[in-house]
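This report walks through selected features of one protein chain. Look at the sequence and fold first, then read on.

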Amino acid sequence: MNRWTSKLLLGLVLGLAVSWQGSGATTLPPMDLEDLADQAGLIFTGTAVHSEVVLSKDGKFPFTFVTFQVEETLKGAVRNGELTLRFHGGVVGDEAVVVAGMPELTVGQKYLLFVRGNGTSAFPVVGWRQGQFRFTQEPGSNRTLLVDSEERAVQGIEHVKWARDSQPVAESRRVDETEPPAVLLEVEGVTASPEPIGWRRTPGPAQAADAGQVVAELKVFLRSRSGRKSFAPGRLVESARVEEVPESFGIVPSPAPQQ
């Protein structure tokens with residue numbers, strides 16, 4: 001484990017910083033739907049069909065490449081209905097590097113993702129956990145729900161914010177005891193808010209809206225945002241290539257904002 005962790009902690013914390021505050025603590029700010037929609041260059045629904053961990057060319061750091069079969073693009077475009085995203089960290093044998101605050105992506109799972117910076121950022125999803133949603137079957141029914149990283153079903157959109165259930169969707173989970181131990185890279189003073197301030201909470205998962213209805217509302221919302229100056233235009237996002245894995249691990253720290 002020490003081969004991957006001892007020299008990475010400071011680099012990851014500084015390099016993944018979104019903003020700086022006071023004594024040097026960093027914060028990943030909460031993001032509303034309008035922020036996710038405006039900043040993403042690509043928004044799509046699709047299923048993760050392949051995952052591969054590749055070491056940097058110097059053999060010192062793992063990168064995870066996840067390939068998606070794209071079902072629908074809501075903003076931007078991909079080539080040939082497929083997209084490979086590259087993430088920092090991964091599991092090789094009995095060693096793992098896990099970056100604090102990054103959600104996991106599971107092969108066979110269908111997602112709604114807000115994408116930015118593929119091949120350049122550590123986690124090419126806007127807002128990390130905040131820009132990742134997955135489709136799941138509602139317990140006891142045939143309905144498909146869209147849930148956030150906290151497992152709460154999305155009801156729809158209300159005043160440029162997601163409307164979500166207050167409780168996680170009940171779901172049984174299998175624990176894979178064969179999974180190798182992971183080192184969580186985290187430092188006191190680094191925080192990632194999982195829930196934007198002001199998001200409306202609704203009574204409970206029994207009232208959750210069907211995922212198709214939520215996606216339809218999102219399409220309308222994106223059209224309503226498209227004329228705003230803050231709205232980044234959709235773009236063609238190329239797949240990350242395994243052959244182009246970085247020579248070594250290295251991130252340039254984000255500069256402190258001007259006061």
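## A buried arginine

Arg 225 is buried, at a relative accessible area of 5%. The model behind this value is predicted. Arg 225 forms a salt bridge with Glu 34, and their closest N and O atoms are 3.5 Å apart. The pair links distant parts of the chain: Arg 225 sits in helix H4 and Glu 34 in helix H3, 191 residues apart. Glu 34 is partly exposed, with a relative accessible area of 23%.

The pairing extends to a third residue. Salt bridges that share partners join Glu 34, Asp 38 and Arg 225 into one network.

## Helix H4

Helix H4 runs over residues 211-225 and has 15 residues. From its first C-alpha to its last, H4 reaches 21 Å, close to the 21 Å expected at 1.5 Å a residue. Which residues of H4 are buried? They are Ala 211, Val 214, Val 215, Leu 218, Phe 221, Leu 222 and Arg 225. These residues cover an arc of only 115° around the axis, so they lie on the same side of H4.

The N-terminal end of H4 is capped by Asp 210. A side-chain oxygen of Asp 210 lies 2.9 Å from the backbone nitrogen of Gly 212.

Val 220 also lies in helix H4. Val 220 is partly exposed, with a relative accessible area of 47%.

In soluble globular proteins, nonpolar side chains tend to be buried together. The largest nonpolar core here has 23 residues. Leu 112, Phe 114, Trp 162 and Leu 218 have the most contacts inside this core. At least two of its residues come from each of helix H3 (33-39), strand E8 (110-115), strand E9 (132-137) and H4. H4 gives the largest share, six residues.

## Other salt bridges

How many salt bridges does a search of the whole structure find? The search finds 13. One of them pairs Asp 32 with Lys 161. Their closest N and O atoms are 2.9 Å apart. Asp 32 lies in the loop between strand E2 (25-28) and H3, and Lys 161 lies in strand E12 (residues 161-168), so the pair ties together parts that are 129 residues apart in sequence. Asp 32 is buried, with a relative accessible area of 12%. Lys 161 counts as partly exposed at 22% relative accessibility.

A further salt bridge joins Glu 243 and Arg 241, with the closest N and O atoms 3.8 Å apart. Glu 243 counts as exposed, at 55% relative accessibility. Arg 241 is partly exposed, with a relative accessible area of 45%.

## Thr 84 in strand E5

Thr 84 is found in strand E5, residues 82-88. Is Thr 84 buried or exposed? Its relative accessibility is 10%, so Thr 84 counts as buried.

What does Thr 84 contact, leaving aside neighbours within four places in sequence? Its contacts are Phe 65, Val 66, Thr 67, Asn 118, Glu 238, Ser 239 and Ala 240.

Methods. Residues numbered from 1 in each chain as written. Predicted model: local features only at pLDDT ≥ 70, side-chain atom pairs only at ≥ 80, totals over all residues. Heavy atoms only, no water. Helix = DSSP H or I, 4+ residues; strand = E, 2+ residues; numbered from the N terminus. Expected span 1.5 Å × (residues − 1). Buried < 20%, exposed > 50% of the residue type's maximum accessible area, 1.4 Å probe, protein only. Arc of directions from axis to C-beta. Polar contact = N/O pair within 3.5 Å; in protein donor to acceptor, adjacent residues only side chain to side chain. Contact = heavy atoms within 4.5 Å. Core = buried A, V, L, I, M, F, W, Y, C linked by side-chain atoms within 4.5 Å. Salt bridge = Lys/Arg side-chain N within 4 Å of Asp/Glu carboxyl O.
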